Amino acid sequence: MGEILLSVENVTKSYGKNVVLDDMSFQVRQGEVIVVVGPSGCGKSTLLRCINALEPIQSGKIKLNGEIVNPDGKNLTQLRQKIGMVFQSYDLFPHLSVLNNIMIAPCKVQKRKKDEVQKEAYALLERVNLKEKADSYPRELSGGQKQRVAIVRALCMHPEILLFDEVTAALDPEMVREVLDVILGLADSGKTMIIVTHEMQFARAIADRILFLDGGKIVENGSPEDFFEHPKTERARKFLHTFEFNRIKQVHHSECEEQNA
């Protein structure tokens, strides 16, 4: 792994009296893939939104390459360009084509040349097998295709770190694989990423490190092997047991459907 790229230092985030992130600290090195897992409401998505300064924090510091990420900071626009975020809901502009959805921020925000951005956009679309959809509109795409466009849009800004917030949660099972394959490819190319996901098999396959959150705290922080094979806490063991039970139930349900077909 490379040098430390992102530092989360004693971060606390509250909504009124509800503490969502409780004195949280960890670091991310260049080229590292961190996967954040945990039960609903444990602060996973809020953590990503704080890292991208979409939510203010009550105490602590978030630093990217030593620069403090602050919603009120003068350098926020420049820092945000270094933090790519892909949401569960795609957030594509419905009135723009796929190509224009990708090009608008590099051209308008980064003031890059249109022909240079267009060339890169086509290359990235080809990389995710969507070059033929460049002139299509979001309403003409499947959920998996929209999510791949959202990933390309983030990549075209040349971010130093990518944040993925449950990007497969709104997808049909058939579409999940195509999105996960793209993210696996990004990991293989050395991209630094923080991924919030409920896909445990994917988490195990892609992560350099797993953060398990519960009650706004990092309960476990270690390798995928340690987390999945030797969880240190009873809370993590219970969480993994629930997912394994649901996986077996899903497999059994699928087998019954095949037999009845």
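Modeller: Gladly! Contact here means heavy atoms within 4.5 Å. In that sense, what covers the buried residues of α3 includes α4 (114–127) and α5 (143–155). This is a predicted model, in which local features need pLDDT of at least 70, side-chain atom pairs count only at pLDDT 80 or more, and totals for chains, interfaces and linings use all residues. Residues are numbered from 1 along each chain as its sequence is written, and side-chain values use heavy atoms, with hydrogens and water left out.

Colleague: Which residues of helix α3 are buried?

Modeller: In α3 (residues 98–108) they are Val98, Leu99, Asn101, Ile102, Met103 and Pro106. Helices (H or I, at least four residues) and strands (E, at least two) are DSSP runs, numbered from the N terminus.

Colleague: Why is Arg209 called buried?

Modeller: Buried means under 20% relative accessible area, exposed over 50%, and partly exposed in between, with a 1.4 Å probe and protein chains only. Arg209 has 15% relative accessibility, so it counts as buried. This residue lies in strand β9 (residues 209–214). Leaving out residues up to four places away in sequence, Arg209 touches Gln27, Val28, Glu32, Val33, Ile34, Val35, Asn221, Gly222 and Pro224.

Colleague: What joins the side chains of Arg209 and Asn221?

Modeller: A polar contact of 3.0 Å. The term asks for a pair of N or O atoms within 3.5 Å; within protein, one must be able to donate a hydrogen and the other to accept it, and residues adjacent in sequence count only if both atoms are side-chain atoms.

Colleague: What makes β1 and β4 a pair?

Modeller: Two strands pair if DSSP finds at least two bridges between them. Strands β1 (residues 4–15) and β4 (residues 59–64) have five bridges, in the antiparallel sense. Leu6 stands opposite Leu64 in β4. The two strands belong to an open, antiparallel sheet of four strands, ordered β2-β1-β4-β5. Its edge strands are β2 (18–29) and β5 (67–68), each pairing on one side only.
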